[in-house]
Amino acid sequence: MSETATNEATKVRVLTRPEMRELIGKVIGISPWILVDQARIDGFADVTEDHQFLHVDPERAAAEAPFGGTIAHGFLTLSLLVRMANLCAPLLVGNPPIINFGLDKIRWLTPVKSGQRIRGRFTLAEMNEKTPGRILFRHSVSVEIEGEDRAAMVAHWLTAALMDDEATP
Amino acid sequence: MSAREQVTLDELTRRVGLELGVSDWIALDQARIDAFAEVGIDHQFIHVDPARAAAETPFGGTIAHGFLTLAMLVPMGETALPELAGRAMGINYGFDKLRFLAPVRAGRRVRGRFRLAEVSERQPQQILVRYDVTVEIEGEEKPALAAEWLALSVMKEKQS
C-alpha cells in the first residue's frame, strides 16, 4: 500500500498468498482505539461542508437531539476504516497497492458521541484470485465504540490488491 | 439562507422512480484533499504527494480519497434535493451498495445526481429514503461512484 502502512503499522504481519487464504473466515485484525473528539469532528465538518448542528453545536445538540451532545458524522467513522486497517490488518508480501473498490451493506447502528474512542474489527470474508494481476478481498468490518455493546457501524468492504504476479509468492 | 424546495411526504412519495436533482459542482482540490488526509488520518502518497503520485501511479498526479468523494454527498444533497417539510434532523442510515468506479484527480469538480428509489415510514416520525446516486466528474464519462444511499429523516413532533 503505502509508506503509511509500513511506517506506522510496524507490527502488522506480512503474509504470503496461501497464508492469507488460510485466514478466510477469521478475524484478521482489531485496531487500536482512535479518539473521535470535537476537533476532529469540526475538521471533518469543514472539509466535507457538513455543519449540521448534530455534529458541531454541542449546546443545541444536547437540547434537541437524544444523544446528550454532538455526534460524529457517519462518514467520518467510515473514513477512519483506512487508518484502522493500516494499523492492524496483515499485508501481503511485497506490499502491493490496494484499491478501495467499494462497500456493501453499510449500516450506521449507533452514534459515536464526541470524545468517544472507536476501533475496527476486520474479518476476512472472501479472497478471490480468479482475475490475473489482482486479488479481490471482501472484509466484514465492524467499528466498535469503547464501553458500548452495540457497534457504531458494520459493512462489507471490498478492496483489490494489484499484484505483480511473477514477483509475489 | 437556502432556496431549497420544501415538499410534503405525499409530494415526495409521488416522485419515486424519478430523478430528484443534480447538485452544483464541487471542486476537490489539493487543499481539500490535504485537509481530508489530516482529519481522516490517511496520508497515502497517491492523495498527498503530487510529485510521487505523478511518478508512480497512472493518474498523472494525486487523486481524492474515495471516502472524501463519498462524504461530499451531504453538501451535494443540499443543492440537489428537496427538503422534507417538518424535518427535525437527518441521519445517515447506510448504503446497500457502493462502488468507486473512477478516481477523481486533484482539482476536478464533481457533482451528485440523485434518483429517488424508495420512500418508507420506518417508525412514526421517521422517514427512510433510498436514493440511487452517482457522482459525476466534470468532463469525464465514467462516474466517480455509484451507490444506493439510505437517509433517515426524523420529523418534528406534531402539535396535537
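1. A residue is buried if 20 or more other C-beta atoms lie within 10 Å of its own, exposed if 12 or fewer, and partly exposed in between, with C-beta atoms placed from the backbone. Helices here are DSSP runs of H or I of at least four residues, strands are runs of E of at least two, and both are numbered from the N terminus. By these terms, helix α7 of chain A (residues 81-88) is largely enclosed by the rest of the structure, because 8 of its 8 residues are buried. Among them are A:Leu81, A:Arg83 and A:Asn86.

2. This is a predicted model: local features need pLDDT of at least 70, side-chain atom pairs count only at pLDDT 80 or more, and totals for chains, interfaces and linings use all residues. Residues are numbered from 1 along each chain as its sequence is written, while chains are lettered from A and ligands numbered from 1 in the order in which they are written.

3. Chain A has 7 helices and 8 strands. Of its 169 residues, 40% count as buried. Its C-alpha atoms fill a box of roughly 60 × 30 × 25 Å along the principal axes.

4. How do the chains meet? Contact means C-beta atoms, placed from the backbone, within 7 Å. Chain B gives 29 residues and chain A gives 30. On the chain B side, β5(B) gives the most, with 11 residues.

5. Which strand of chain A pairs with β5(B)? Strand β5 of chain A (residues 98-108) does, in the antiparallel sense, over 5 bridges. Pairing requires that DSSP finds at least two bridges between the strands. A:Arg107 stands opposite B:Gly94.

Definitions and conventions
Contact = placed C-beta atoms within 7 Å.
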